[in-house]
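Please open the structure in a viewer and keep the sequence at hand.

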Amino acid sequence: MQIHLLSGFLGSGKTMAIQAASRLLIENGMKTGVVTNDQGIRLVDAVFFNHLGIPGRQVTNGCFCCNYQDLDDQIQSLSETEQPDVIFAESVGSCTDIIATVLKPLRRYRPQSRITLTVFADALLLHMLLVDSIVLFDESVRYIYDKQLEEAGILILNKVDLLKPDQLLALRREMHKKYGNKILHEQHVADKAGIARWLQLLDQTDPVRVPPSLEIEYPVYGAGEAMLAWFDQEMEIDSPSGEANRGALKLMQDIYRKIKARSYPLGHLKFLFNGEKKISYASTPAPEPEFETGPATSATLLLNARVQTEPGKLSQLVEESIREAEEKSGIRIRIRSVSSFRPGYPAPTHRMV
Amino acid sequence: MMQVGKNRIVTIRYIMRNSRGEVLENTLDGLSASYLHGGSGILPSLQGQLEGLAPGERKQVFLYRDRDAVPEDLNFDVWIEKIREATPGEQTLGYPLTGVAVECAPGCTCYY
């Protein structure tokens, strides 16, 4: 049995590639199965898998690396009930360090199976990041993205049909400069020959050669992130007397001043005001942003904060500011959504360097 | 209040059933799903039926095998959870760049 692991960022096209590859394999008389690492396969994808005759299993309670036993159980279940020739296992978009935590353990504990890893990347996203140097992510997310690419033996530049010819040329140049030591393969979902070539590359992967594990110092990698509380909150501000905009401005200033007064180191503090104006407060001494606001009976505010403290303390600070703003400005603030936690770093079941 | 429309990131929860009433997917208690309205993340016929809805609103949506390029007739109970403007990067790419962060195991946070 072959087990093909797929890694790659959100939106890199892993699910569609599995569908396209499965179609080809089924046409050639092979049985395939899929293990996904997501909550559902997103809307009607699961139905398409069923109708293609591709049995599926899910690892729903977390990434493959931290839930290795669950992954192994799902592979076992597929293997016993469906006897597939090929299993595709699609990891969650933020996973990296797959070689050390999934591929090597699978090779050790399933020596009869042929295990491969392919990393997928959306060619348009790669172009934006590498050629245009656009900043699209927080540093921590970019770190994960870069580590995924670094880990690749086979790196798929997916959805290349979305690039103009000159963009593709520029991307090829950058990719060869940066990732010339990898097998770079361009494809898109409608390109049957490209998908077939990917499957061929998987067949040619040396099952004996042990690919190098990523160099990730978990404590170092996790430490910076783990110290920051993440706090995101969406609010709606109402004021029949037209004070909604001014109330929102005061609330932003008050949250910032409270963070400073308590000497919490600031990763970033950003607000999206009325869905269009971005307001950022800096950690370094800088004048507070100022802007004119007209009268309004309603306003919206999206708060996005990364602050070095306990998530509970940050949440309490924001609650205090809201309470005070309601009392002083006569506004009413409704919280539409809130997300507060402190990210850690992965605790994989196995890590084989 | 913001409504579902072009170049907005829409977060939904849904129950998907087939024509026999069997539940194929239920995201009410799990992770929500986000897509760029006007992008290629989910079927255009599904997106079209969500147009104009606001957060908190619910709609029953039908997709038909003959009309909507789905393998079987499907119906969805869809709840609109959140709507925000897409960033320029997301508009170019056609999908949301930020996933839902979930603490999947002690000390491990994944983005779905």
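The stops below lead from a sheet to the helices packed on it and then to the nonpolar cores. The model is predicted.

**The sheet**

Begin by displaying the strands of chain A. In which order do the seven strands of the open sheet lie? The order is 3-2-4-1-5-6-7, and the pairing is parallel. Select strand 3 and strand 7 (183-187) of chain A next: these are the edge strands, each pairing on one side only. On average, neighbouring strands of this sheet are turned by 25° against each other, direction ignored.

For one pairing in detail, select residues 114-122 and 154-158 of chain A, which are strand 5 and strand 6. Five bridges join these two strands in the parallel sense. Within this pair, T118(A) has I154(A) in strand 6 as its bridge partner.

**Along helix 3**

Highlight Y68(A), L71(A), Q74(A), I75(A) and L78(A), which are buried. Why do the buried residues line one face of the helix? Seen down the axis of helix 3 of chain A, they fall within an arc of 130°, so they share one face. An α-helix has 3.6 residues a turn, so residues three or four places apart point the same way.

The cover over these buried residues includes strand 1 (2-8), strand 2 (32-36), strand 3 (56-58), strand 4 (86-90) and helix 4 (98-109) of chain A. On the other side of helix 3, select Q69(A), Q76(A), E80(A) and T81(A), which are exposed. Just after the helix, Q83(A) takes a positive phi of about 45°.

**The nonpolar cores**

Finally, select L5(A), V102(A) and A121(A), the residues with the most contacts inside the largest nonpolar core, which has 80 residues. Leaving aside neighbours within four places in sequence, the contacts of L5(A) include A89(A), I98(A), V102(A) and L117(A). A second, separate core of 30 residues includes M252(A), A299(A), L303(A) and L317(A).

Notes
Residues are numbered from 1 along each chain as its sequence is written. Chains are lettered from A and ligands numbered from 1 in the order in which they are written. This is a predicted model: local features need pLDDT of at least 70, side-chain atom pairs count only at pLDDT 80 or more; totals for chains, interfaces and linings use all residues. A residue is buried if 20 or more other C-beta atoms lie within 10 Å of its own, exposed if 12 or fewer, and partly exposed in between; C-beta atoms are placed from the backbone. Helices (H or I, at least four residues) and strands (E, at least two) are DSSP runs, numbered from the N terminus. The arc is that of the directions from the helix axis to the C-beta atoms. Two residues are in contact if their C-beta atoms, placed from the backbone, lie within 7 Å. A nonpolar core is a set of buried Ala, Val, Leu, Ile, Met, Phe, Trp, Tyr and Cys residues joined through C-beta atoms within 7 Å. Two strands pair if DSSP finds at least two bridges between them. Axes are lines fitted to C-alpha atoms, for helices over the stretch in contact, and angles run from 0 to 180 degrees between N-to-C directions.
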